[in-house]
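Take a look at it below, and then we'll go through it piece by piece.

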Amino acid sequence: MRIKTVLSESEIPKQWYNLAADLPSPLQPPLGPDGNPISPEMLAPVFPMNLIEQEVSQERWIDIPEGILNILYKWRPTPLHRAKALEDYLGTPARIYYKNEGVSPPGSHKPNTAVAQAWYNKEFGIKKLTTETGAGQWGSALAFACSIVGLGCKVYMVRISFDQKPYRKTMMQTWGANCVASPSEETKAGRDILEKMPDTPGSLGIAISEAIEEAVSDTKGETRYSLGSVLNHVLLHQTIIGLEAKKQLEKAGENKVDIVIGCAGGGSNFAGTAFPFVNDKIHGEEIEIIPVEPTSCPTMTRAPFAYDHGDTAKMTPLLPMHSLGHDFIPPPIHAGGLRYHGMAPLVSQGIVEGLLTPRALHQLECYEAAITFARTEGIICAPETSHAIAVTIQEAKKAKEEGKEKVILFNMSGHGLMDLTGYQSYLAGKLQDYPLPEEEMQKSLKGIEGLPKPKEAKTGKW
Amino acid sequence: MNQYDNERIYCRRLGHWLTFNYCRQENSGLPCRKIEDCWFEKLPIKKFLKENYKEEEISYIFKVQKPKLTSIVELIEQAKKRSNKTP
């Protein structure tokens, strides 16, 4: 029985896959604050032109430079595991596979884009990257990448996270990054906030402002900003996960995948795993592709409550560009994109098209799945990854009920060794699920009933 | 106002556990824009907001978010203005 399927360095994919080239309903160009399309020059103060070109590219395949591959070889290709112990435990006829992205030095999928971004910035002549981070998964990935590539790195870490996640901070410092608590005294944005609220615990919004200000105000033009999710080029760099998985599944003797599963926060790890399979689905394969999120704070499976306040705020999901007047109806993709705001536009459009079928789960089921996974496969996964494992277990049980030999692939996007608080609470019996307040949900949906529905750009094929 | 301050939740944006105390102040002293999405299952959050915040504050908290690239361009413009003002 083959448990791990590995690829040699020579077998690593040499190109990234760009779903934007194949989407049946193409993305509209992003609009600036004035309602006009954003030009590359508008982004140039924070991103190098080589990455901006990738952000707007419609090319299906983009070559991975040798310099990037040489760094990725440190941990890539990542192994594809057959979760045989989990299968046996569940007694399922399904064959379960997972990509183990936890083997990267910082322990997650994030370095796939961090390394690429650092490398392109260096090529462009940039000397330092800035970014923001919460718990530090992204910050530590960028710190690692900058260290290997040879760039300076400044991470603005939200104050509350800075205080609560000291080990991530130490990881960043070990890789040579300058990690400061945000708000800081180092930017005008930070100083202004501290003057008004000296004890503020900070926020991602403030940290982003600081990171961008540092890049923009470098008079030598040697500093740029880096983002770890949502943007097209970030998703592009992550597709190496799914591309490797396809080769490995073939090597493992699987001709067809039935279900692909990934957890989706900003969308990058899900997209990285799923997009190469979305391509197959577009071209006729029957694959169920499932992005998973928690029932608490969903972005894909339920309209955000913010829409309830549409009237009060004088804008609705359909009228986000209020500066253009209330008669302005945004292009369809923006309606779709906003519906799933916080989610990558490419993933949003995949949902609108019906290519992706998002699912939301309660936290207890996710932690239960994570514990089962740890006790069968041995890996303690990151909290987000537990969502993908929980749906995998649901689908494996369904296959058992149906007596079908399905092939299931999911992305083990990172280990959870730095994030054990949730496990601690679960094991102490302190986590609770809450029944969905259906009445509340219905009331909320009624609130947006009267609003005009977005005109969705979709082919209706899926 | 502070009756729920010690309730805990996993914050999807920051990636770790924190208390309601943070959620109700995250947005320059006002609640995080995701407060209803995150807490609707656990607390009477609508009632809490109605009782503790003015209508214009609620409008501000829940203004519909712009796409990421649009907000980055806005932040670049704001940063340029701040840099120009700095002596």
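Contact, in what follows, means heavy atoms within 4.5 Å. With that in hand, start with R82(B), which touches K188(A), A189(A), D192(A), S209(A) and E213(A), leaving aside residues up to four places away in sequence. R82(B) sits in helix 5 of chain B, residues 68-85. Is R82(B) buried or exposed? With a relative accessibility of 15%, R82(B) counts as buried, because the cut-off for that label is under 20%. Keep in mind that this is a predicted model.

**The two chains**

Chain A has 462 residues, and 60% of them are buried. Its secondary structure comes to 20 helices and 13 strands. If you take the contacts in chain A with a separation of 6 or more, 78% of them are between residues 24 or more positions apart.

Chain B has 87 residues, of which 53% are buried. You'll find five helices and two strands there, and going along the sequence they follow the pattern β-β-α-α-α-α-α. For chain B, 37% of the contacts between residues at least 6 apart in sequence join residues at least 24 apart.

**Where the chains meet**

E293(A) and R12(B) form a salt bridge, at 3.7 Å from N to O.

**Salt bridges**

Over all chains, the whole structure holds 30 salt bridges. Here are a few of them, with the N to O distance for each.

| Residue pair | N to O distance |
|---|---|
| R76(A) and E101(A) | 2.7 Å |
| D419(A) and K165(A) | 3.0 Å |
| E74(B) and K66(B) | 2.8 Å |
| E293(A) and R12(B) | 3.7 Å |

Take the salt bridge between R76(A) and E101(A), with its closest N and O atoms 2.7 Å apart. R76(A) is in the loop between helix 3 (66-72) and strand 4 (80-82) of chain A, while E101(A) is in the loop between strand 5 (95-100) and helix 5 (111-123) of chain A, so the pair ties together parts 25 residues apart in sequence. Both R76(A) and E101(A) are buried.

Over in chain B, E74(B) pairs with K66(B) at 2.8 Å. K66(B) counts as partly exposed, because its relative accessibility is 33%. Back in chain A, salt bridges with shared partners join R76(A), K99(A), E101(A) and E244(A) into one network.

**Helix 13 of chain A**

Now find helix 13 of chain A, residues 268-282. At 1.5 Å a residue, its 15 residues should span 21 Å, and the end C-alpha atoms are 20 Å apart, which agrees. Where is the kink in this helix? A kink of about 45° lies at A274(A), shortly before the proline P276(A). Of the 15 residues in helix 13 of chain A, 14 are buried, so the rest of the structure largely encloses this helix. After helix 13 of chain A comes G284(A), with a positive phi near 110°.

**One more residue**

Finally, look at S348(A) in helix 16 of chain A, residues 345-353. S348(A) counts as buried, because its relative accessibility is 0%. T299(A) is 49 residues away from S348(A) along the chain, and their C-alpha atoms are separated by 9.7 Å.

Note on methods:
Residues numbered from 1 in each chain as written. Chains lettered and ligands numbered in written order. Predicted model: local features only at pLDDT ≥ 70, side-chain atom pairs only at ≥ 80, totals over all residues. Heavy atoms only, no water. Salt bridge = Lys/Arg side-chain N within 4 Å of Asp/Glu carboxyl O. Helix = DSSP H or I, 4+ residues; strand = E, 2+ residues; numbered from the N terminus. Buried < 20%, exposed > 50% of the residue type's maximum accessible area, 1.4 Å probe, protein only. Expected span 1.5 Å × (residues − 1). Bend = angle between axes of the 7 residues up to and from the residue.
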